Amino acid sequence: MLETFTTLLEWLATMAFALSGVLAAARKRMDAVGVCMVAGIAAFGGGTLRDVLLDLRPFFWVKHSSWLWGVFVCVLVAMAFLRKRHLPLTERSILIPDAVGLGLFTTVGVLTAYQHGMPFIVCVLMGVLTSAFGGVLRDVVCNDVPAAFADHQPYVVWSFVGGWLLLGLLLLGTEPWVAILLSATIITGLRLMSVKFGWTLPSWNLRE
Amino acid sequence: MLETFTTLLEWLATMAFALSGVLAAARKRMDAVGVCMVAGIAAFGGGTLRDVLLDLRPFFWVKHSSWLWGVFVCVLVAMAFLRKRHLPLTERSILIPDAVGLGLFTTVGVLTAYQHGMPFIVCVLMGVLTSAFGGVLRDVVCNDVPAAFADHQPYVVWSFVGGWLLLGLLLLGTEPWVAILLSATIITGLRLMSVKFGWTLPSWNLRE
Amino acid sequence: MLETFTTLLEWLATMAFALSGVLAAARKRMDAVGVCMVAGIAAFGGGTLRDVLLDLRPFFWVKHSSWLWGVFVCVLVAMAFLRKRHLPLTERSILIPDAVGLGLFTTVGVLTAYQHGMPFIVCVLMGVLTSAFGGVLRDVVCNDVPAAFADHQPYVVWSFVGGWLLLGLLLLGTEPWVAILLSATIITGLRLMSVKFGWTLPSWNLRE
């Protein structure tokens, strides 16, 4: 049952990432092909980059190619039903599953690297890549400066912090599933609180 | 003789992709280094990305490094002889070999993935990557929104359709070379008809 | 002692690449996360891309993960102490270690590919990728046209020339360390002379 629950969360989060791609492509007035592609890049780009760097195959979306179909169908549905007036609502409603994805995919990334014997800092980096680089690739392909690098919101930061927390818990001998659940929840919670309370990163004060 | 013919077509198509890179770099007023690099990325980027994702080595351009020399020399020749007034003509004259490349490289991509036992949707995706992502990488490096995602012309769509056609023919037990020839021809034909008759993708109507 | 000296040079050059990322991110008003990420991409992107293409693992920064920490700490220090009035000075003072990096990483790239039996042109290309594509990826992520492709300064050109020089020396039976030292020095020297005397690449004259 725990597994079903996790799969459900992963699916929700992947859809949120894909929808963020749909919105970005819509903002750039892309055609249907572009919308599908950008959605796919946003949804699967981070994990794919991690697997390329760690030299792991098959990719998640090769092993479970039904997810490609799932994202494809949902993007078509989104294109059929989304109207301009839905955009702000859509953007707001993906905030929560996106935060869940940040937590979930960070732990997946850290764990994958940890199981392959990577150094700690590389494990944390892989958590960051998995959770945040789908969005970075999305923005690069949309010809924008990546939001994760420039919007002064704590997003990657929580992935970084949560990655270290997960490592710490694992090294302390915590049950893996407890460690994962705890750090994913904390990352998601911190991200949601950042949004709710409008926390911003201390800006780099390039003063004279 | 069939093989010589195919190699000739591949060479023509690769040159068309490289020239599209030359034109894109020229439009951005890049220097000679940039022109060569963007031409190389446009010509070899799609197949290289496919091989990285499928974890195949050696790359085409490592096995047949003479093609690197070929593209390099042709780009130098293009820089020596191309003048501003030639640009519209060049753009028009690469349309046909580019369409041939779309057909040819789609089938190469689908077939490569098929032979490595990938799921059907991944095979088709690899066909799309091989034929269209050289151009996407070219546009990303040139700091443009990828034309394949945003110009509302059916281009990737034909690659997608033709990829499924090829798979269908293979599954029906058609001789591979017949299936390849047929689907490559149909993709190329549909692309050329799209250009001739000015077909556009139904725009995503983000109306209120 | 030679090894210590080389490591020292590599460290200086990596820091120069990282600082070029810091400056690029600062110009785009990125937040602290973006500054760290772009610095890391500029410092390690070229070598990582080479290793992905040659299918080599572990990456340099996995084997010696202390370098990740080093760059991370230096970027934090840079953010703590860099002020606007320091920027022109910083840009000038990284010119020399950056030129050292151009020479050093070109030879590293060529040698790595040579040892893996790549064709000559691919070896030279890997030298170019290693030394210049960190900067290209930095500019792509910063949503700029890559400076290496468009600033009309001879930079990649010296890497290309020096790569062939290194190959030639190796084929002539020169002691590897002599060949490396000589070509790295010549590349660095040519780059510094280009800056000092303001050499520019012959512009592609797209006249009527």
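Leaving aside neighbours within four places in sequence, B:Phe149 is in contact (heavy atoms within 4.5 Å) with A:Met30, A:Asp31, A:Gly34, A:Met37, A:Val38, A:Val141, B:Phe133 and B:Val136. The residue sits in helix 8 (residues 147-150) of chain B, where helices (H or I, at least four residues) and strands (E, at least two) are DSSP runs numbered from the N terminus. At 0% relative accessibility, B:Phe149 counts as buried; the word buried stands for under 20% relative accessible area, exposed for over 50%, and partly exposed for what lies in between, with a 1.4 Å probe and protein chains only. The C-alpha atoms of B:Phe149 and B:Ala132 are separated by 9.9 Å, and the two residues are 17 apart along the chain.

The model is predicted, so local features need pLDDT of at least 70 and side-chain atom pairs count only at pLDDT 80 or more, while totals for chains, interfaces and linings use all residues. Residues are numbered from 1 along each chain as its sequence is written, chains are lettered from A and ligands numbered from 1 in the order in which they are written, and side-chain values use heavy atoms, with hydrogens and water left out.

The size of an interface is often given as the accessible area lost when the parts come together. For chain B and chain A, the buried area (the accessible area, with a 1.4 Å probe, that two parts lose on being put together, summed over both) is about 2,700 Å², and carbon and sulfur atoms give 71% of that area. Five residue pairs are in polar contact between chain B and chain A, both residues being at pLDDT 80 or more. A polar contact is a pair of N or O atoms within 3.5 Å; within protein, one must be able to donate a hydrogen and the other to accept it, and residues adjacent in sequence count only if both atoms are side-chain atoms.

One residue on the chain C side is C:Ser65, which touches A:Pro119, A:Ile121 and A:Val122, not counting residues up to four places away in sequence. C:Ser65 lies in the loop between helix 3 (60-63) and helix 4 (66-81) of chain C, and counts as buried at 16% relative accessibility.

How do these two chains relate to each other? Chain A can be laid on chain C by a turn of 120° and a shift of 0.0 Å along the axis, with an RMSD of 0.0 Å (superposed by least squares on the C-alpha atoms of residues with pLDDT of at least 70 in both). The two copies are thus related as by a three-fold rotation axis. In chain A, the C-alpha nearest the axis belongs to A:Asn143, 3.7 Å from it. The copies use different surfaces, as 12% of the contact residues of chain A recur in chain C.Salt bridges (a side-chain nitrogen of Lys or Arg within 4 Å of a carboxyl oxygen of Asp or Glu) complete the picture. In chain A, the side chains of A:Arg50 and A:Asp51 meet in a salt bridge (3.0 Å, N to O). A:Arg50 is buried at 8% relative accessibility, and A:Asp51 is buried at 6%. A:Asp55 forms a salt bridge with A:Arg57, with the closest N and O atoms 3.8 Å apart. A:Asp55 is partly exposed at 27% relative accessibility, and A:Arg57 is partly exposed with a relative accessible area of 27%. Finally, a network of salt bridges links B:Asp55, B:Arg57, C:Asp55 and C:Arg57.
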